[in-house]
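Please look at the sequence and the structure together before reading on.

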Amino acid sequence: KMFLAGAKNLESNKEWINELNVFPVPDGDTGTNMTMTIMSAAKEVAALGENPDMETLCKAISSGSLRGARGNSGVILSQLLRGFTKAINEHSEITIATLANAMERGVETAYKAVMKPKEGTILTVARGGAEKAAELLEYGATDMNQFIADVIAHSEYVLSQTPEMLPVLKQAGVVDSGGQGLIQVLKGAYDAYLGKEIDYTIQASDNKPA
C-alpha cells in the first residue's frame, strides 16, 4: 500500500514537477517520465492482489520500474527502487534498521548507474534522506512514525538546498524537479503508513512513451 500510494502521489503531482524541470534540459517532462516509470511498477504490484510475500512484491517493484524507466529521472528512480528492494526482499517485516539499510542500498545502486553523478539532483535528495536514516538509526530511533517523518523532513531540507548546488536551478528560481518527484513518492507512502484514506486503484495506462 505504501508503494502504491507513493506512485499515486507522484502521478497526481506530475504536472507541477514538469513545470520545475530545467535540468539537465528544460523539456518539462521529469514528472511524466518519473510517473511512467513508477506506474509501470505500480501496475505489476496491483496485479499481485492483496497479500503478496515480500520477495514477490520486491520483484514486481524492481522489474516493473526498470522496464518502465523513461528519461534520466526515471532511470535514477528505477535504480533507487532496485537497490531498495534488494535490501528488503529477504525480510518479512520492515524495521527501522531494514529501512535505513535499504535507503542506503538504493542510493549506492543509483549513483553507480549514473556515468557522471551531478549534485543538486534527485541523487543528492535521496542521499540526504539515506544519511539522515543512518544517523537516526545510530542514535537508537525506535518510533517508526517519527523516523519516517524525520527522514522526509530532512530530504525536503536537502531539496531546498539544490538551487545552491546547481546554478541553473537558482537562475530559474526552482528546486530540482527529480528531487521533488522523489519527495512526492515518500510523502504518499507516509500517508499510507499513517492510514490516511487513499484510492489505491491503478488504471491500466494507454500512455505511449513519446
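In this predicted model, the lining of the largest pocket is made up, by class, of 33 nonpolar, seven polar and three charged residues. The volume of this largest pocket is about 1,300 Å³. Among the 43 residues that line the largest pocket, those closest to its centre are M2, F3, I61, F84 and A189. Several helices share in this lining, and the elements that contribute two or more residues each are helix 1 (2-12), helix 3 (30-46), helix 4 (54-68), helix 5, helix 6 (96-113), helix 7, helix 8 (144-165) and helix 10 (177-193).

How do some of these helices lie against each other? In general, a pair of packed helices is described by two quantities, the angle between their axes and the distance between the axes.

Take helix 4 and helix 5, whose axes are 9 Å apart and which pack at an angle of about 165°. Because angles over 145 degrees count as roughly antiparallel, helix 4 and helix 5 are therefore roughly antiparallel to each other. Their crossing is left-handed. On the side of helix 4, the residues in this contact are M54, C58, I61, S62, S65 and L66, and they meet S78, Q79, L81, R82, T85 and I88 in helix 5. Sorted by class, the contact of helix 4 with helix 5 has six nonpolar, five polar and one charged residues.

Helix 5 (residues 71-88) also has a contact with helix 7 (residues 122-138), where the two axes come within 10 Å and cross at roughly 25°. That angle makes helix 5 roughly parallel to helix 7, and the crossing of helix 5 and helix 7 is right-handed. Here S73, I76 and L80 in helix 5 meet I122, L123 and A126 in helix 7. The residues of this contact divide into five nonpolar, one polar and no charged.

Helix 7 passes helix 8 in a right-handed crossing. From helix 7, the residues T124, V125, G128, G129, K132, A133 and L136 take part, and they meet F147, D150, V151, H154, S155, V158, L159, T162 and M165 in helix 8. The residues of the contact of helix 7 with helix 8 fall into eight nonpolar, six polar and two charged.

Technical notes:
Residues are numbered from 1 along each chain as its sequence is written. This is a predicted model: local features need pLDDT of at least 70, side-chain atom pairs count only at pLDDT 80 or more; totals for chains, interfaces and linings use all residues. Side-chain values use heavy atoms; hydrogens and water are left out. Axes are lines fitted to C-alpha atoms, for helices over the stretch in contact, and angles run from 0 to 180 degrees between N-to-C directions. Helices (H or I, at least four residues) and strands (E, at least two) are DSSP runs, numbered from the N terminus. Angles under 35 degrees count as roughly parallel, over 145 as roughly antiparallel, 65 to 115 as roughly perpendicular and the rest as oblique. A crossing is left-handed if the near helix is turned anticlockwise from the far one by less than a right angle, and right-handed if clockwise. Contact means heavy atoms within 4.5 Å. Ala, Val, Leu, Ile, Met, Phe, Trp, Tyr, Cys and Pro count as nonpolar, Asp, Glu, Lys and Arg as charged, and the others, Gly among them, as polar. On a 1 Å grid over the protein atoms alone, a cavity is a set of points where a 1.4 Å probe fits but cannot get out, and a pocket is an open set with protein on both sides within 12 Å along at least five of seven lines; lining residues have an atom within 4 Å of a point. Grid points are joined across faces, edges and corners, and a volume is the space filled by probe spheres set on the points.
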